[in-house]
Amino acid sequence: MHSIESFGTHDGPGIRWVVFLQGCKLKCLYCHNPDTIETSGGTEYDIEELVQMALKMKPYFGKKGGVTVSGGEPLLQAKEIIPFFKRLKEEGIHTNIDTNGRILNSFSKELLDDYADLVMLDIKHMTEEGYLALTGVSCKETTFNFAAYREASGKAMWLRYVLIPGITNQPELLHAMGKYFKDYQTIEKIEIQPYHKLGVHKWEALGWDYQLKEARENTPEELIAASDILKNYFKKVKIN
């Protein structure tokens with residue numbers, strides 16, 4: 001495990017207790033937690049210890065809050081998350097996975113089908129070229145296959161999309177995403193993640209080159225324009 005955030009407000013519904021796991025197979029150019037990418041490192045925790053920590057936060061969750069497991073890429077540890085989420089469900093705590101959708105094996109399927117109340121799925125890019133350029137890996141279809149699996153289960157899903165000027169904010173990409181997902185019944189909302197450079201110092205601390213130095217943050221007008229396009233396709237659009 002990499003770290004814990006006690007009062008997450010952008011990691012699912014309500015107040016969330018957020019567990020960030022170590023390790024990710026992608027290396028997204030805009031990653032604001034690059035220190036979670038390497039699979040080595042991190043701290044091991046006993047599952048029951050984590051459950052007890054979450055239970056101390058339960059009074060703050062209210063009707064909507066709960067526990068979110070993020071990363072890194074949490075589904076790299078899907079086998080270990082299953083008993084954790086099982087215990088949380090026994091305690092009446094809402095569970096959420098924040099994922100890039102690259103892993104759909106027997107363990108992640110069991111986790112999704114039986115224990116994850118919500119999945120927040122990151123849509124990186126709508127073209128293969130753009131996906132490769134942003135993440136460093138190919139085959140964007142793995143994410144779409146993951147989305148289709150969740151849709152078939154009938155269980156709740158949110159989409160997330162980082163809006164980078166000149167890279168992911170083109171109207172044609174937003175329309176393409178909307179058209180692709182417009183018939184999905186399980187998508188409760190899509191969240192627009194405004195691009196920011198809050199993680200640049202972490203890249204520098206790791207000795208890595210941050211390749212989006214020239215990218216700028218979104219203007220309010222750009223965020224509204226993107227939201228207006230996506231509202232044609234999704235029940236709810238939120239700008240984080």
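Helix H1 (47-61) and helix H2 (78-90) each contribute at least two residues to the lining of the second largest pocket; helices (H or I, at least four residues) and strands (E, at least two) are DSSP runs numbered from the N terminus. The model is predicted, so that local features need pLDDT of at least 70 and side-chain atom pairs count only at pLDDT 80 or more, whereas totals for chains, interfaces and linings use all residues. Residues are numbered from 1 along each chain as its sequence is written, and side-chain values use heavy atoms, with hydrogens and water left out.

**Pockets**

A pocket is defined on a 1 Å grid over the protein atoms alone, as an open set of points where a 1.4 Å probe fits, with protein on both sides within 12 Å along at least five of seven lines; lining residues have an atom within 4 Å of a point. A volume is the space filled by probe spheres set on the points, which are joined across faces, edges and corners.

The second largest pocket has a volume of about 330 Å³. It is lined by 17 residues, of which Met1, Leu21, Tyr45, Gln77 and Glu80 are the closest to its centre. H2 provides the largest share of this lining, 3 residues. By class, the lining of the second largest pocket has 9 nonpolar, 6 polar and 2 charged residues. In this classification Ala, Val, Leu, Ile, Met, Phe, Trp, Tyr, Cys and Pro are nonpolar, Asp, Glu, Lys and Arg are charged, and the others, Gly among them, are polar.

The largest pocket holds about 850 Å³ of space. Its lining comprises 30 residues, with His32, Asn33, Asp98, Arg160 and Gln193 nearest the centre. Strand E4 (94-99), strand E6 (157-163) and strand E7 (187-194) each supply at least two residues of that lining. The lining of the largest pocket consists of 10 nonpolar, 13 polar and 7 charged residues.

**Annotated domain**

The unreviewed UniProt entry carries the annotation "domain: Radical SAM core" for residues 10-235; positions are in the numbering used here, the feature name is shortened, and annotations may be inferred rather than shown by experiment. Over residues 10-235 the chain is 38% helix and 16% strand, with the end C-alpha atoms 19 Å apart.

**Aromatic contacts**

The structure holds 8 aromatic pairs. Rings of Phe, Tyr and Trp (its six-membered ring) pair if their centres lie within 6.5 Å; planes under 30 degrees apart count as stacked, over 60 as edge-to-face and the rest as tilted. Two of the pairs are given below.

| Pair | Distance of centres | Angle of planes | Class |
|---|---|---|---|
| Phe181 and Tyr184 | 5.1 Å | 75 degrees | edge-to-face |
| Trp203 and Tyr210 | 5.5 Å | 75 degrees | edge-to-face |

Phe181 is buried at 1% relative accessible area, and Tyr184 is buried at 14%; buried means under 20%, exposed over 50% and partly exposed in between (1.4 Å probe, protein chains only). Trp203 and Tyr210 are both buried. Phe144, Tyr180, Phe181 and Tyr184 form one aromatic cluster.

Lysine charges also sit over rings: Lys27 lies over the face of Trp208, 3.9 Å from the ring centre, and Lys189 over the face of Trp158, 4.1 Å from the ring centre. The criterion is NZ of Lys or CZ of Arg within 6 Å of the ring centre and within 35 degrees of the ring normal.

**Loops**

Gly72 lies in the loop between strand E3 (66-70) and H2, and the peptide bond from Gly71 to Gly72 is cis, with omega near 10 degrees. Ser138 is placed in the loop between helix H4 (128-135) and helix H5 (141-153) and is partly exposed, with a relative accessible area of 42%.
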